[in-house]
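Please keep the sequence and the structure in view while reading.

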Amino acid sequence: MERLEKARAEWRRFEREDQPAFQRWKASTFGPLLSRIREIEDLVRAKEKLVMEVEQEMFFSGTRSYRAAYTRVQKRRDHPDADEEARTKTPPPEDDYARFEEDEEEELDEFTQELLFEEFLRTFLGMNPDRMSDRQYEKMFADFKAKILGHDRSEGPPPNWRAEPEPDFAPEPPKSPKDRVKELYRLLVRRLHPDMRADSNTEVSSLWHEVQEAYATGNVERLEMLLAFTDIQSNTTGDHTSLFQMRSVLAELRSAFKALQRTLQSAKKDPAWNFARQNDRSKTESRLRREMETTLAWHEDQLRQLEALVEQWTAPKKGRRPPKAKQEEFSY
């Protein structure tokens, strides 16, 4: 209990003293640098979104020119109302519309479908088809043909499809952390809520505020620690308590203490740790400045690469050189 209380005191000091002091100092010391980093990050995200739209336009429209896909994307961005009107436009009569679909529809061979599927995996899902198992590849390829290429699933699975038998029963899903948080919170409310207690113990009031903070952040480990702590404090153990129950309480306290120790070990690596007690902050300032300048330079380089890529799509086409005149061959 003494070790647990000491660890809890360290965590409260870090959370209530060190972190607020560090954030105020960081904002006042690196304000312009932080603003510049956020500005560059916003520009990078905007360029990445534009590049992704261009690649999607190439994939779904079938065009092979980045320049043409970029022009279409920019046209949609400049005239969003016209694009919305085109999507909601009334289709032609059924016969003409069906005939139009028949004329435009092209039959893709199996090899072309696989190329499109692998490009889809790499571009949009970030997956490497070479590292997939045969079963996973065939299943996702069949879904791709059905949902994107409009392949008829009534034809049955692919020839090499190896279906696995379905289990006879579905296992019961484990309790989610969210449900565990609610369960612990209900138990602690019955023990610590001010309306349910006649005394006005300051330590109980402090525990109640900690319960509220842990519930707001969904911290299961802290809630379990607080529940075990209230078990000991309320002196609910006695002659009626079995050895198994006492061991369970001790095991829960040890588990909570180990979890809090891991949290403290991670917090001690944070630059805000013990910050409120630091007198000389020059080393911390130098280290953070170097890290932020490195981050800023990396984002600026990323932005330059994206701008150069977009500039290639907007640059005027270079004229082709006229072919050299062939020398006439003379026979003497």
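In this predicted model, Lys 139 has a relative accessible area of 37% and is therefore classed as partly exposed. Its side chain meets that of Asp 143 in a salt bridge, with 3.5 Å from N to O, and Asp 143 is likewise classed as partly exposed, at 22% relative accessibility. Both residues belong to helix α7, which covers residues 134–147, and they lie 4 residues apart, about one turn of the helix.

- The side chains of Glu 285 and Arg 289 form a salt bridge at 3.4 Å, N to O, and because the two residues are 4 apart in helix α12, about one helical turn separates them.
- Glu 285 is partly exposed with a relative accessible area of 29%, and Arg 289 also counts as partly exposed, with 31% relative accessibility.
- A salt bridge of 3.6 Å, N to O, joins the side chains of Arg 287 and Glu 291, which both lie in helix α12 at a spacing of 4 residues, about one turn of the helix.
- The relative accessible area is 34% for Arg 287, which is partly exposed, and 40% for Glu 291, which is partly exposed as well.

**Salt-bridge network and total**

- Thr 284 is located in helix α12, which spans residues 282–314, and its relative accessible area of 10% places it among buried residues, because buried means under 20%.
- Leaving aside residues up to four places away in sequence, Thr 284 touches Trp 25 and Gln 278.

**Positive surface patch**

- Lys 178, Lys 182, Arg 186 and Arg 190 together form a positive surface patch.
- One of these residues, Lys 182, sits in helix α8, residues 177–192, and counts as partly exposed at 37% relative accessibility.

**The chain as a whole**

- The protein chain has 12 helices and 0 strands, so that its elements, read from the N terminus, run α-α-α-α-α-α-α-α-α-α-α-α.
- Of the 332 residues in the protein chain, 25% are buried, while the accessible surface comes to about 25100 Å², with 49% of it belonging to carbon and sulfur atoms.
- When contacts between residues at least 6 apart in sequence are considered, 67% of them join residues at least 24 apart.

Key:
Residues numbered from 1 in each chain as written. Predicted model: local features only at pLDDT ≥ 70, side-chain atom pairs only at ≥ 80, totals over all residues. Heavy atoms only, no water. Patch = residues over 30% accessible without salt bridge, like charges linked within 9 Å, V, L, I, M, F, W, Y side chains within 5 Å. Areas by Shrake-Rupley, 256 points an atom, 1.4 Å probe, with all protein chains shown as cover. Salt bridge = Lys/Arg side-chain N within 4 Å of Asp/Glu carboxyl O. Lys, Arg positive; Asp, Glu negative; His and termini not counted. Charge placed at Lys NZ, Arg CZ, Asp CG, Glu CD. Buried < 20%, exposed > 50% of the residue type's maximum accessible area, 1.4 Å probe, protein only. Contact = heavy atoms within 4.5 Å.
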